[in-house]
Amino acid sequence: MKIMFLPQRRDDTLHLFVQGSTLLVNGDGFDFDRLEDGDILPREAIYSEWFAGPVEMIDGIITLTLILPNPWNYSQAQAFPEPIIVTTSGPIELPKPLTNASMEQ
């Protein structure tokens, strides 16, 4: 699974977990097991505020874009997030905001 991000200034949080072809977004499950290569699931067919575009199966890889909430103390990694390639099931580590120590420098 390839997850790209659209950063957005927001105070809520995003928690992601992958189990096979299922993505849990803040506890809500989205099963993409039925997608075949070349399929596109339009954004409008996904009932979640977190998806910023369609979900596609490209060369056997589920590819999607999610909104990445940026808190007031967002980091460069949150402002310009790199895509994440998920190869195993489990929680997905997202970029962290700046800490008080790094803001004082």
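This is a predicted model: local features need pLDDT of at least 70, side-chain atom pairs count only at pLDDT 80 or more; totals for chains, interfaces and linings use all residues.

The entries below go from the whole chain to its sheets, its salt bridges and a patch of charge.

**Entry 1: the whole chain**

I looked up the elements of the chain and found 2 helices and 9 strands. Reading from the N terminus on, I wrote down their order as β-β-β-β-β-β-β-α-β-β-α. For the overall extent, I noted that the C-alpha atoms fill a box of roughly 50 × 25 × 25 Å along the principal axes. I also looked up how much of the chain is buried: 37% of its 105 residues.

**Entry 2: the sheet with five strands**

Next I wanted to know how the strands are arranged. In which order do the 5 strands of the open sheet with mixed pairing come? I wrote down S5-S6-S7-S1-S8. At its edges I found strand S5 (40-41) and strand S8 (84-85), each of which pairs on one side only.

I then went through some of the pairs in this sheet. S5 and S6 run antiparallel to each other, with 2 bridges between them. Here isoleucine 40 stands opposite glutamate 56, a residue of S6.

Is the pairing of strand S1 (residues 2-9) with S7 parallel or antiparallel? I found it parallel, and it extends over 8 bridges. Leucine 6 faces isoleucine 67 of S7 there.

S1 also pairs with S8, this time in the antiparallel sense and over 2 bridges. Lysine 2 has isoleucine 85 in S8 as its bridge partner.

**Entry 3: a stop at isoleucine 3**

Is isoleucine 3 buried or exposed? Its relative accessibility is 0%, so it counts as buried, the cut-off being under 20%.

**Entry 4**

I picked one pair to follow. Strand S3 (residues 22-25) and S4 are joined by 4 bridges in the antiparallel sense. Threonine 22 is placed opposite aspartate 31 of S4.

**Entry 5: salt bridges**

How many salt bridges does a search of the whole structure find? The search gave me 4, and I looked at several of them.

Aspartate 11 is bridged to arginine 9, with 2.8 Å between the closest N and O atoms. Aspartate 11 has a relative accessible area of 61%, so I noted it as exposed. Arginine 9, at 46% relative accessibility, counts as partly exposed.

Lysine 96 forms a salt bridge with glutamate 93, and their closest N and O atoms are 3.3 Å apart. I found lysine 96 exposed, and glutamate 93 as well.

The side chains of aspartate 12 and arginine 10 also meet in a salt bridge, at 2.7 Å from N to O. Aspartate 12 is partly exposed, with 34% relative accessibility. Arginine 10 is at 14%, so it counts as buried. Salt bridges with shared partners link Arg10, Asp12 and Glu49 into one network.

**Entry 6: a patch of negative charge**

Last, I searched the surface for charge. Which residues gather in a patch of negative charge there? I wrote down Glu36, Asp37, Asp39 and Asp59.

I took a second look at aspartate 59. I found it in the loop between strand S6 (55-58) and strand S7 (61-70). Its relative accessible area is 68%, and the cut-off for exposed is over 50%, so aspartate 59 counts as exposed.

Methods: Residues are numbered from 1 along each chain as its sequence is written. Side-chain values use heavy atoms; hydrogens and water are left out. Patches are made of residues with over 30% relative accessible area and no salt bridge: like charges are joined within 9 Å, nonpolar side chains (Val, Leu, Ile, Met, Phe, Trp, Tyr) within 5 Å. Accessible areas come from the Shrake-Rupley method with a 1.4 Å probe; for residues, only the protein chains shown count as cover. Lys and Arg count as positive and Asp and Glu as negative; His and the chain ends are not counted. The place of a charge is taken as NZ of Lys, CZ of Arg, CG of Asp or CD of Glu. Buried means under 20% relative accessible area, exposed over 50%, partly exposed in between (1.4 Å probe, protein chains only). Two strands pair if DSSP finds at least two bridges between them.
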